[in-house]
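Trainee: I'd like to learn how to read a model like this one. Could you walk me through a few features?

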Amino acid sequence: MDRAALDLVSLALEYPDAAVREALASAVPPEAELGPSLGGALTRLRAWIAGTPAEEAEEAYTRLFDLSPGCTLHCGYHLFGDAYQRGALLAGLSAELRLASVPVRDGELPDFLPNLLRLAGRLPEGEGRALLVDLVVRPALARMNAALEGSAAPWAAFLAALPEAIAPLGDGIEAPDFRPETAPEEAFLHA
């Protein structure tokens, strides 16, 4: 998956405000880069966002990603919870995002999944990108997808297709389980 595809995928995971809705509506998806599973999920998600009143889409996004720890888009939380290791990850990611000139919205933490996908698109092929994908993004997506299992949330199928689509960016490194507990609380997931 190339930089343009990862930027579009990232955009689809942003809060669906007017600017994001407009950008998604005008984007031309790189079908070959996304593959059939993620491409189809993106098409359905874009159609849902375009056909849903703005306040309803924003409320659904907030309920799913901001009010449910099990589905937060902050990957470091899925890896470490609120433990001090997350702080070290945030500091390292902040430096990497700056070095790669990845735009980060004001107030957004460095471990926000759209930021990490944009970063993966800007890193050269190699160990650094593989470590980001295999040790941070894919394990966080695994926890999110476990929490979303059976959910009818508009983003569920999109997130379910993402691990397979980004797997070629990594080296298939098996991530250790940093947290002894299972996925965080799953409140509001199936609403």
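This is a predicted model: local features need pLDDT of at least 70, side-chain atom pairs count only at pLDDT 80 or more; totals for chains, interfaces and linings use all residues.

Trainee: Let's start with the rings. How many aromatic pairs does a search of the whole structure find?

Mentor: First the general idea: a pair of aromatic rings is described by the distance of the centres and the angle of the planes. Here the search turns up five aromatic pairs. One of them joins tyrosine 61 and phenylalanine 65, edge-to-face, with 4.8 Å centre to centre and 65° between the planes. Both residues sit in helix α4, four residues apart, about one turn of the helix. Tyrosine 61 also forms an edge-to-face pair with tryptophan 155, this time at 5.4 Å centre to centre and 75° between the planes.

Trainee: Where do tyrosine 61 and tryptophan 155 lie in the chain?

Mentor: That pair links distant parts of the chain: tyrosine 61 is in helix α4, while tryptophan 155 is in the loop between α8 and α9, 94 residues apart.

Trainee: Are tyrosine 61 and phenylalanine 65 buried or exposed?

Mentor: Both are buried. For burial, you check the relative accessible area against a cut-off of under 20%. Tyrosine 61 comes out at 3% relative accessibility, so it counts as buried. Tryptophan 155 is buried too, at 0%.

Trainee: Now helix packing. At what angle do α8 and α9 pack?

Mentor: Here you look at the angle and at how far apart the axes are. Helix α8 (residues 127-148) packs on helix α9 (residues 156-166) at about 150°, and the axes are 10 Å apart. An angle over 145 degrees counts as roughly antiparallel, so α8 and α9 are roughly antiparallel to each other. The crossing of α8 past α9 is left-handed. On the α8 side the contact includes Val133, Val137 and Leu141, and on the α9 side Leu159, Leu162 and Ile166 are among the residues. Sorted by class, that contact has ten nonpolar, one polar and one charged residues.

Trainee: And how do α1 and α7 pack?

Mentor: Helix α1 (residues 3-12) and helix α7 (residues 113-122) have an angle of about 175° and axes 8 Å apart. They are therefore roughly antiparallel as well. Their contact has six nonpolar, two polar and four charged residues by class. Among the residues that meet are Arg3, Leu6 and Asp7 in α1, and Leu117, Arg118 and Arg122 in α7.

Trainee: What about single residues? What does asparagine 115 contact?

Mentor: Asparagine 115 lies in helix α7, and at 2% relative accessibility it counts as buried. Setting aside neighbours within four places in sequence, its contacts include Leu97, Val104, Glu108 and Pro110. Proline 103 is another contact of asparagine 115; the two are twelve residues apart in sequence and 7.7 Å apart, C-alpha to C-alpha.

Trainee: Where is threonine 72, and what does it touch?

Mentor: Threonine 72 is in the loop between α4 and α5, but at 10% relative accessibility it counts as buried. Beyond residues up to four places away in sequence, it touches Phe65, Tyr77, His78 and Met144.

Trainee: Last one: what is the phi of serine 101?

Mentor: Serine 101 has a positive phi of about 55°, although it is not a glycine. You'll find serine 101 in the loop between α6 and α7. With 56% relative accessibility, serine 101 counts as exposed.

Terms used
Residues are numbered from 1 along each chain as its sequence is written. Side-chain values use heavy atoms; hydrogens and water are left out. Axes are lines fitted to C-alpha atoms, for helices over the stretch in contact, and angles run from 0 to 180 degrees between N-to-C directions. Helices (H or I, at least four residues) and strands (E, at least two) are DSSP runs, numbered from the N terminus. Angles under 35 degrees count as roughly parallel, over 145 as roughly antiparallel, 65 to 115 as roughly perpendicular and the rest as oblique. Contact means heavy atoms within 4.5 Å. Ala, Val, Leu, Ile, Met, Phe, Trp, Tyr, Cys and Pro count as nonpolar, Asp, Glu, Lys and Arg as charged, and the others, Gly among them, as polar. Buried means under 20% relative accessible area, exposed over 50%, partly exposed in between (1.4 Å probe, protein chains only). A crossing is left-handed if the near helix is turned anticlockwise from the far one by less than a right angle, and right-handed if clockwise. Rings of Phe, Tyr and Trp (its six-membered ring) pair if their centres lie within 6.5 Å; planes under 30 degrees apart count as stacked, over 60 as edge-to-face and the rest as tilted.
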